[in-house]
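Please view the sequence and the model together while reading.

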Amino acid sequence: MRTLVLLALVGLGAQLVDGSLGMAYGVTSTTLLLAIGTNPAAASATIHLAEIGTTLASGAAHWRFGNVDWAVVRRIGVPGAIGAFAGATFLSSLATDVAAPVMSLLLLGLGLYVLARFTVAGLPTGRLGLPLRKRFLAPLGLVAGFVDATGGGGWGPVGTPALLASGRIEPRKVVGSIDTSEFLVAIAASLGFLVSLGSQGIDLLWVAALLLGGLVAAPVAAWLVRLLPPRILGSAVGGVIVLTNVRTLLRSDWVDASSAVQGVVLGLVAVVWAAAVVWSVRAHRRAVASQPATGTASDPSPAPEPATAPR
(Lines give C-alpha, C1' and ligand atoms only; values in the text may rest on other atoms or scores of the structure.)
Protein backbone atom coordinates (compact mmCIF):
# COMPACT_ATOMS: atom_id res chain seq x y z
CA MET A 1 0.00 0.00 0.00
CA ARG A 2 2.83 2.37 0.85
CA THR A 3 4.35 1.70 -2.59
CA LEU A 4 1.06 2.57 -4.30
CA VAL A 5 0.77 5.85 -2.37
CA LEU A 6 4.36 6.70 -3.28
CA LEU A 7 3.69 5.94 -6.95
CA ALA A 8 0.56 8.12 -6.90
CA LEU A 9 2.57 11.00 -5.42
CA VAL A 10 5.30 10.47 -8.01
CA GLY A 11 2.68 10.47 -10.76
CA LEU A 12 1.21 13.69 -9.39
CA GLY A 13 4.56 15.43 -9.08
CA ALA A 14 5.87 14.18 -12.41
CA GLN A 15 2.72 15.25 -14.27
CA LEU A 16 2.76 18.62 -12.53
CA VAL A 17 6.28 19.19 -13.85
CA ASP A 18 5.59 17.60 -17.24
CA GLY A 19 2.43 19.57 -17.84
CA SER A 20 4.09 22.87 -16.96
CA LEU A 21 7.50 22.21 -18.53
CA GLY A 22 6.68 19.81 -21.37
CA MET A 23 8.94 17.04 -20.08
CA ALA A 24 9.97 14.75 -17.22
CA TYR A 25 6.92 12.55 -16.50
CA GLY A 26 8.41 9.47 -18.10
CA VAL A 27 12.02 10.17 -17.16
CA THR A 28 11.20 10.90 -13.52
CA SER A 29 8.80 7.99 -13.07
CA THR A 30 11.04 5.48 -14.86
CA THR A 31 14.02 6.55 -12.76
CA LEU A 32 12.02 5.73 -9.61
CA LEU A 33 10.87 2.34 -10.94
CA LEU A 34 14.43 1.40 -11.89
CA ALA A 35 15.64 2.49 -8.46
CA ILE A 36 13.31 -0.03 -6.78
CA GLY A 37 14.48 -2.84 -9.06
CA THR A 38 11.83 -2.96 -11.80
CA ASN A 39 12.74 -4.64 -15.09
CA PRO A 40 13.64 -1.83 -17.57
CA ALA A 41 11.21 -2.93 -20.28
CA ALA A 42 8.42 -3.47 -17.73
CA ALA A 43 9.15 -0.07 -16.17
CA SER A 44 8.85 1.68 -19.53
CA ALA A 45 5.71 -0.30 -20.38
CA THR A 46 4.13 0.63 -17.03
CA ILE A 47 4.88 4.32 -17.52
CA HIS A 48 3.53 4.38 -21.09
CA LEU A 49 0.31 2.62 -20.11
CA ALA A 50 -0.24 5.25 -17.41
CA GLU A 51 0.65 7.99 -19.87
CA ILE A 52 -2.21 7.04 -22.19
CA GLY A 53 -4.56 8.48 -19.58
CA THR A 54 -2.38 11.31 -18.29
CA THR A 55 -1.50 12.63 -21.76
CA LEU A 56 -5.14 12.54 -22.82
CA ALA A 57 -6.14 14.55 -19.75
CA SER A 58 -3.17 16.88 -20.15
CA GLY A 59 -3.88 17.47 -23.84
CA ALA A 60 -7.52 18.27 -23.14
CA ALA A 61 -6.53 20.74 -20.41
CA HIS A 62 -3.92 22.43 -22.60
CA TRP A 63 -6.45 22.69 -25.45
CA ARG A 64 -8.93 24.35 -23.10
CA PHE A 65 -6.34 26.93 -22.05
CA GLY A 66 -5.33 27.62 -25.68
CA ASN A 67 -1.85 26.06 -25.38
CA VAL A 68 -2.00 23.72 -28.42
CA ASP A 69 -0.88 24.17 -32.04
CA TRP A 70 -2.68 21.29 -33.77
CA ALA A 71 -0.54 21.42 -36.92
CA VAL A 72 2.56 20.83 -34.79
CA VAL A 73 0.78 18.01 -32.91
CA ARG A 74 -0.04 16.23 -36.16
CA ARG A 75 3.36 16.64 -37.82
CA ILE A 76 5.42 15.57 -34.81
CA GLY A 77 3.02 13.09 -33.19
CA VAL A 78 2.60 10.61 -36.07
CA PRO A 79 6.37 10.13 -36.66
CA GLY A 80 6.76 10.02 -32.89
CA ALA A 81 4.34 7.11 -32.67
CA ILE A 82 6.31 5.20 -35.31
CA GLY A 83 9.58 5.79 -33.44
CA ALA A 84 8.00 4.80 -30.12
CA PHE A 85 6.73 1.46 -31.44
CA ALA A 86 10.18 0.68 -32.86
CA GLY A 87 11.87 1.69 -29.59
CA ALA A 88 9.53 -0.47 -27.50
CA THR A 89 10.24 -3.61 -29.53
CA PHE A 90 13.99 -2.88 -29.43
CA LEU A 91 14.09 -2.47 -25.62
CA SER A 92 12.03 -5.61 -25.12
CA SER A 93 14.70 -7.64 -26.93
CA LEU A 94 17.51 -6.62 -24.55
CA ALA A 95 18.53 -8.70 -21.53
CA THR A 96 17.69 -7.10 -18.18
CA ASP A 97 21.30 -6.90 -16.96
CA VAL A 98 22.21 -5.02 -20.15
CA ALA A 99 19.08 -2.90 -20.39
CA ALA A 100 19.22 -1.39 -16.88
CA PRO A 101 22.57 0.44 -17.20
CA VAL A 102 21.83 1.27 -20.85
CA MET A 103 18.58 2.93 -19.85
CA SER A 104 20.23 4.77 -16.95
CA LEU A 105 22.97 6.01 -19.28
CA LEU A 106 20.35 7.27 -21.72
CA LEU A 107 18.39 8.95 -18.93
CA LEU A 108 21.61 10.51 -17.64
CA GLY A 109 22.30 11.97 -21.07
CA LEU A 110 18.78 13.40 -21.24
CA GLY A 111 19.12 14.83 -17.74
CA LEU A 112 22.43 16.50 -18.57
CA TYR A 113 20.91 17.99 -21.70
CA VAL A 114 17.90 19.35 -19.82
CA LEU A 115 20.09 20.74 -17.02
CA ALA A 116 22.56 22.42 -19.38
CA ARG A 117 19.95 23.63 -21.86
CA PHE A 118 17.78 25.45 -19.35
CA THR A 119 20.57 26.62 -17.03
CA VAL A 120 22.92 28.02 -19.64
CA ALA A 121 20.77 29.02 -22.60
CA GLY A 122 17.36 29.82 -21.20
CA LEU A 123 14.56 30.34 -23.71
CA PRO A 124 15.20 32.07 -27.07
CA THR A 125 12.36 34.30 -28.36
CA GLY A 126 13.92 36.27 -31.24
CA ARG A 127 12.35 34.22 -34.05
CA LEU A 128 8.87 33.85 -32.57
CA GLY A 129 6.20 33.36 -35.22
CA LEU A 130 8.44 32.02 -38.02
CA PRO A 131 7.20 28.75 -39.59
CA LEU A 132 8.02 25.30 -38.28
CA ARG A 133 8.49 22.97 -41.24
CA LYS A 134 7.57 19.31 -41.62
CA ARG A 135 11.12 18.36 -42.57
CA PHE A 136 12.17 19.54 -39.09
CA LEU A 137 9.21 18.16 -37.11
CA ALA A 138 9.03 14.67 -38.67
CA PRO A 139 12.65 13.58 -37.96
CA LEU A 140 12.44 15.18 -34.52
CA GLY A 141 9.30 13.19 -33.73
CA LEU A 142 10.82 9.93 -35.00
CA VAL A 143 13.97 10.30 -32.86
CA ALA A 144 12.11 11.57 -29.78
CA GLY A 145 9.59 8.70 -29.97
CA PHE A 146 12.36 6.08 -30.20
CA VAL A 147 14.27 7.63 -27.29
CA ASP A 148 11.07 7.88 -25.26
CA ALA A 149 10.29 4.17 -25.53
CA THR A 150 13.85 2.93 -24.99
CA GLY A 151 14.56 5.33 -22.12
CA GLY A 152 11.17 5.14 -20.42
CA GLY A 153 10.90 8.85 -21.11
CA GLY A 154 12.42 11.29 -23.55
CA TRP A 155 9.59 12.64 -25.68
CA GLY A 156 9.62 15.89 -23.71
CA PRO A 157 13.38 16.14 -23.01
CA VAL A 158 14.10 15.73 -26.73
CA GLY A 159 11.10 17.46 -28.29
CA THR A 160 10.49 20.40 -25.96
CA PRO A 161 14.03 21.85 -25.94
CA ALA A 162 14.27 21.41 -29.74
CA LEU A 163 11.07 23.40 -30.31
CA LEU A 164 12.05 25.98 -27.69
CA ALA A 165 15.51 26.29 -29.25
CA SER A 166 13.93 27.07 -32.62
CA GLY A 167 12.43 30.19 -31.05
CA ARG A 168 9.52 29.98 -33.50
CA ILE A 169 6.67 29.04 -31.15
CA GLU A 170 5.86 30.55 -27.79
CA PRO A 171 6.81 28.43 -24.77
CA ARG A 172 3.29 27.68 -23.55
CA LYS A 173 2.32 26.31 -26.98
CA VAL A 174 5.51 24.25 -27.13
CA VAL A 175 4.57 22.62 -23.84
CA GLY A 176 0.91 22.15 -24.79
CA SER A 177 1.68 20.72 -28.24
CA ILE A 178 4.34 18.31 -26.94
CA ASP A 179 2.09 17.10 -24.13
CA THR A 180 -0.87 16.61 -26.48
CA SER A 181 1.11 14.75 -29.17
CA GLU A 182 2.55 12.46 -26.49
CA PHE A 183 -0.84 10.72 -26.38
CA LEU A 184 -0.04 9.13 -29.77
CA VAL A 185 3.44 8.19 -28.58
CA ALA A 186 2.11 6.56 -25.41
CA ILE A 187 -0.38 4.44 -27.35
CA ALA A 188 2.22 3.29 -29.89
CA ALA A 189 4.84 2.48 -27.22
CA SER A 190 2.28 0.56 -25.15
CA LEU A 191 1.26 -1.49 -28.18
CA GLY A 192 4.92 -2.22 -28.92
CA PHE A 193 5.54 -3.46 -25.37
CA LEU A 194 2.35 -5.52 -25.27
CA VAL A 195 3.20 -7.17 -28.59
CA SER A 196 6.76 -7.94 -27.43
CA LEU A 197 6.21 -8.69 -23.74
CA GLY A 198 2.53 -9.37 -23.28
CA SER A 199 1.65 -8.37 -19.72
CA GLN A 200 4.87 -9.81 -18.29
CA GLY A 201 6.22 -7.71 -15.42
CA ILE A 202 3.49 -5.06 -15.68
CA ASP A 203 1.63 -4.35 -12.44
CA LEU A 204 -1.74 -2.81 -13.27
CA LEU A 205 -2.08 -1.43 -9.73
CA TRP A 206 1.14 0.52 -10.28
CA VAL A 207 -0.24 1.77 -13.59
CA ALA A 208 -3.45 2.86 -11.85
CA ALA A 209 -1.55 4.65 -9.05
CA LEU A 210 0.63 6.60 -11.49
CA LEU A 211 -2.42 7.38 -13.61
CA LEU A 212 -4.43 8.65 -10.65
CA GLY A 213 -1.70 11.03 -9.56
CA GLY A 214 -1.24 12.26 -13.13
CA LEU A 215 -4.94 12.87 -13.68
CA VAL A 216 -5.13 15.04 -10.57
CA ALA A 217 -2.15 17.15 -11.66
CA ALA A 218 -2.91 17.51 -15.40
CA PRO A 219 -5.40 20.45 -15.31
CA VAL A 220 -3.39 22.25 -12.63
CA ALA A 221 -0.20 21.96 -14.69
CA ALA A 222 -1.90 23.28 -17.84
CA TRP A 223 -2.90 26.37 -15.86
CA LEU A 224 0.49 26.74 -14.17
CA VAL A 225 2.38 26.71 -17.49
CA ARG A 226 1.51 30.41 -17.80
CA LEU A 227 3.00 31.21 -14.39
CA LEU A 228 6.04 29.03 -13.60
CA PRO A 229 9.48 30.02 -14.95
CA PRO A 230 10.54 27.14 -17.25
CA ARG A 231 14.24 28.00 -16.84
CA ILE A 232 14.25 27.36 -13.08
CA LEU A 233 12.03 24.29 -13.30
CA GLY A 234 14.20 22.84 -16.09
CA SER A 235 17.35 23.17 -14.00
CA ALA A 236 15.66 21.60 -10.98
CA VAL A 237 14.25 18.61 -12.90
CA GLY A 238 17.44 18.07 -14.88
CA GLY A 239 19.42 17.89 -11.64
CA VAL A 240 17.09 15.27 -10.14
CA ILE A 241 17.42 13.08 -13.23
CA VAL A 242 21.22 13.41 -13.33
CA LEU A 243 21.70 12.70 -9.62
CA THR A 244 19.45 9.64 -9.58
CA ASN A 245 20.89 8.02 -12.67
CA VAL A 246 24.52 8.70 -11.68
CA ARG A 247 23.68 6.81 -8.48
CA THR A 248 22.22 3.91 -10.51
CA LEU A 249 25.27 3.71 -12.77
CA LEU A 250 27.73 3.84 -9.86
CA ARG A 251 25.97 0.83 -8.32
CA SER A 252 25.73 -1.13 -11.58
CA ASP A 253 28.03 -3.95 -12.66
CA TRP A 254 29.54 -1.58 -15.20
CA VAL A 255 31.11 0.59 -12.49
CA ASP A 256 30.59 -1.13 -9.10
CA ALA A 257 32.04 1.86 -7.22
CA SER A 258 32.78 1.69 -3.51
CA SER A 259 30.57 3.52 -1.02
CA ALA A 260 33.22 6.20 -0.51
CA VAL A 261 33.51 6.88 -4.23
CA GLN A 262 29.73 6.98 -4.58
CA GLY A 263 29.48 9.52 -1.77
CA VAL A 264 32.11 11.82 -3.29
CA VAL A 265 30.68 11.66 -6.81
CA LEU A 266 27.09 12.16 -5.70
CA GLY A 267 28.17 15.03 -3.45
CA LEU A 268 29.87 16.77 -6.38
CA VAL A 269 26.79 16.25 -8.57
CA ALA A 270 24.58 17.74 -5.84
CA VAL A 271 26.82 20.81 -5.58
CA VAL A 272 26.74 21.35 -9.36
CA TRP A 273 22.97 20.89 -9.34
CA ALA A 274 22.48 23.45 -6.56
CA ALA A 275 24.74 25.93 -8.38
CA ALA A 276 22.73 25.43 -11.58
CA VAL A 277 19.44 26.17 -9.82
CA VAL A 278 20.88 29.29 -8.17
CA TRP A 279 22.24 30.45 -11.54
CA SER A 280 18.83 29.93 -13.18
CA VAL A 281 17.01 31.82 -10.40
CA ARG A 282 19.35 34.79 -10.79
CA ALA A 283 19.14 34.70 -14.58
CA HIS A 284 15.35 34.60 -14.40
CA ARG A 285 15.26 37.58 -12.03
CA ARG A 286 17.53 39.56 -14.36
CA ALA A 287 15.29 38.67 -17.30
CA VAL A 288 12.16 39.72 -15.41
CA ALA A 289 13.78 43.01 -14.43
CA SER A 290 14.67 43.74 -18.06
CA GLN A 291 11.16 43.01 -19.41
CA PRO A 292 8.58 45.74 -20.09
CA ALA A 293 5.81 46.04 -17.53
CA THR A 294 3.35 44.24 -19.86
CA GLY A 295 5.41 41.04 -20.28
CA THR A 296 7.14 38.28 -18.38
CA ALA A 297 10.46 36.56 -18.90
CA SER A 298 9.06 33.11 -19.51
CA ASP A 299 6.09 34.02 -21.69
CA PRO A 300 6.49 37.30 -23.59
CA SER A 301 3.17 39.04 -24.09
CA PRO A 302 1.62 39.89 -26.40
CA ALA A 303 3.03 37.22 -28.74
CA PRO A 304 1.98 36.43 -32.31
CA GLU A 305 0.33 33.15 -33.20
CA PRO A 306 2.97 30.70 -34.49
CA ALA A 307 2.68 30.06 -38.18
CA THR A 308 3.15 26.59 -39.59
CA ALA A 309 4.51 26.32 -43.08
CA PRO A 310 2.92 24.12 -45.74
CA ARG A 311 4.69 20.96 -46.78
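The model is predicted, so local features need pLDDT of at least 70 and side-chain atom pairs count only at pLDDT 80 or more, while totals for chains, interfaces and linings use all residues. Residues are numbered from 1 along each chain as its sequence is written, and side-chain values use heavy atoms, with hydrogens and water left out.

The chain holds eleven helices and zero strands; helices (H or I, at least four residues) and strands (E, at least two) are DSSP runs, numbered from the N terminus. Of its 311 residues, 52% count as buried, buried meaning under 20% relative accessible area, exposed over 50%, and partly exposed in between (1.4 Å probe, protein chains only).

The axes of α3 (residues 40–64) and α8 (residues 171–197) come within 7 Å and cross at roughly 150°, the axes being lines fitted to C-alpha atoms over the stretch in contact, with angles running from 0 to 180 degrees between N-to-C directions. The two helices are therefore roughly antiparallel to each other, a term for angles over 145 degrees. The contact of α3 with α8 involves 13 nonpolar, nine polar and three charged residues, where Ala, Val, Leu, Ile, Met, Phe, Trp, Tyr, Cys and Pro count as nonpolar, Asp, Glu, Lys and Arg as charged, and the others, Gly among them, as polar.

Of the 27 residues of α8, 20 are buried, so this helix is largely enclosed by the rest of the structure.

Beyond the helices themselves, α3 is followed by G66, whose phi is positive, near 75°. The loop between α7 (155–166) and α8 contains I169, which is buried, with a relative accessible area of 3%. Although I169 and V72 are 97 residues apart along the chain, their C-alpha atoms are separated by 9.9 Å.

Methods
Angles under 35 degrees count as roughly parallel, over 145 as roughly antiparallel, 65 to 115 as roughly perpendicular and the rest as oblique.
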